[in-house]
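I opened a notebook for this model and went through it one topic at a time. The entries below follow the order in which I looked things up.

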Amino acid sequence: MKRKKIVVSGINMVEGGIFTILHNALQELSNFVKNEEVEIIALVHDASKFQFSNITIIEIPLSKKSWWFRLYYEYFYFKKLSKQLQPDIWFSLHDTTPNVVAKKQFVYCHHPTTLFKPTWKDWKFDYKIGVFSVLYDFLFKINISKNHTVFVQQHWIKEIFEKRFNITNIKVAIPEYIEEILTDFFPFEPNKIHFFYPSFPRSYKNHEVILEAIKVLPKNISEQTQFHFTTIKDSKEKYAKFLVKEYGFLENIHFHGKVNRSQLLSMYNAMDCLLFPSKIETWGLPISEAKAYNKPMFLANLPYAKEACGNYEKVTFFDENNATELAKLITEFVEEKHMFQGNTSPFDTSNDLHNWKEVFQYILTD
């Protein structure tokens with residue numbers, strides 16, 4: 001029997017969450033095909049970061065040097081490479097559909113800025129957010145109809161893609177989340193009520209609505225509370241520097257630096273309530289993480305947050321642009337007067353793919 005050949009492309013996934021997506025996908029594919037007649041080829045930026053005995057790694061180090069290289073590889077070089085490799089399946093893990101020759105193509109779309117309309121503030125603090133919001137929308141369209149299936153992370157994104165790109169071959173592949181529960185508690189100050197927002201300092205993450213809410217809290221509430229933000233301290237990001245300069249005078253905030261995984265989980269365990277006002281996400285991992293610890297949550301009143309939250313009682317949604325509303329919720333929480341709205345998922349997830357194993361079962365099925 002002829003071996004089936006799959007090419008997985010992730011040349012632009014070099015750090016942070018998107019690198020984790022690539023590594024986890026290859027790990028699962030490596031495990032999945034151990035007893036299958038499948039040849040795996042992975043296209044990556046840095047081969048030294050991957051050690052899989054049954055995966056052939058092709059390194060493309062120039063892929064992150066500039067967007068011109070990225071576009072060259074996606075729409076010119078990969079066609080030549082695909083003719084050499086002759087894959088049965090080409091799976092692009094980073095949003096764009098390359099120009100290739102393969103029996104089947106698949107693409108995994110997870111970049112949120114194509115769903116986001118940036119404000120002047122987003123352009124000011126990181127012009128790339130504005131550029132990407134325009135560029136990705138254009139790049140998503142190129143060749144998208146060539147795919148056997150387009151994978152997205154949530155149902156509301158599926159509905160947008162169906163209308164925007166006039167396609168119906170979309171399947172929801174929910175990000176795999178394996179619960180990690182630590183019993184350790186981060187050493188927050190005792191006898192305080194601790195609110196937590198773990199997020200990288202990007203302008204669309206909307207830290208200001210929390211910080212503006214803190215400014216208008218009644219004095220007795222401020223004295224009882226502390227607010228914790230990760231990856232802000234010592235960050236070189238323009239937005240992080242702005243937050244420190246503009247709000248560093250607030251006595252009940254703590255701008256933490258980068259934290260490792262164990263520290264992060266211990267913070268979830270020690271906190272009293274998650275705040276998550278981000279204006280756009282394709283999932284919102286902290287929502288899943290806080291839910292695993294059964295913690296109360298105040299979330300942006302947006303589709304991504306409601307879908308990521310799913311069925312849950314201890315959650316209330318607020319206008320992500322309304323600091324006064326958030327301050328009122330925080331005050332009610334501290335005074336133990338808040339009645340949570342709760343959330344019920346309106347989506348049928350029975351046909352969704354719930355982890356990478358299910359994704360590759362789907363892809364590799366004739």
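**Helix 8**

I listed the buried residues of helix 8 and got Tyr239, Ala240, Leu243 and Tyr247. Buried here means under 20% relative accessible area, exposed means over 50%, and partly exposed is in between (1.4 Å probe, protein chains only). Helices (H or I, at least four residues) and strands (E, at least two) are DSSP runs, numbered from the N terminus. Viewed down the axis of helix 8, the buried residues fall within an arc of 105°, so they line one face of the helix. The arc is taken over the directions from the helix axis to the C-beta atoms. On the other side of helix 8 I found Lys238 and Lys245 exposed.

**Ground rules**

I noted that this is a predicted model, in which local features need pLDDT of at least 70 and side-chain atom pairs count only at pLDDT 80 or more, while totals for chains, interfaces and linings use all residues. Residues are numbered from 1 along each chain as its sequence is written, and side-chain values use heavy atoms, with hydrogens and water left out.

**Asn252**

I looked up Asn252 next and placed it in the loop between helix 8 (238-247) and strand 10 (253-255). Is Asn252 buried or exposed? Asn252 has 9% relative accessibility and counts as buried. Its side chain makes a polar contact with the side chain of Thr225, at 3.3 Å. A polar contact is a pair of N or O atoms within 3.5 Å; within protein, one must be able to donate a hydrogen and the other to accept it, and residues adjacent in sequence count only if both atoms are side-chain atoms. Leaving aside neighbours within four places in sequence, I found Asn252 in contact (heavy atoms within 4.5 Å) with Ile214, Ser222, Thr225, Gln226 and Phe227.

**Ala323**

I found Ala323 in helix 12 (residues 323-334). Ala323 is buried, at a relative accessible area of 17%. With neighbours within four places in sequence left aside, Ala323 is in contact with Val209, Glu212 and Ala213.

**Strand 5**

I checked strand 5 (residues 104-108): four of its five residues are buried, so the strand is largely enclosed by the rest of the structure. Two strands pair if DSSP finds at least two bridges between them. Strand 4 (residues 89-92) runs parallel to strand 5 and is joined to it by four bridges. In that pairing Ile89 stands opposite Lys104. Strand 6 (residues 149-152) also pairs with strand 5 in the parallel sense, over three bridges, and there Tyr108 stands opposite Phe151.

**Aromatic rings**

Tyr108 and Phe151 came up again in one aromatic cluster with Phe91, Phe106, Trp356, Phe360 and Tyr362. How many aromatic pairs does the structure hold? I recorded 30. Rings of Phe, Tyr and Trp (its six-membered ring) pair if their centres lie within 6.5 Å; planes under 30 degrees apart count as stacked, over 60 as edge-to-face and the rest as tilted. Phe276 lies in strand 11 (residues 273-276) and Tyr304 in helix 11 (residues 303-309), so the pair ties together parts 28 residues apart in sequence.
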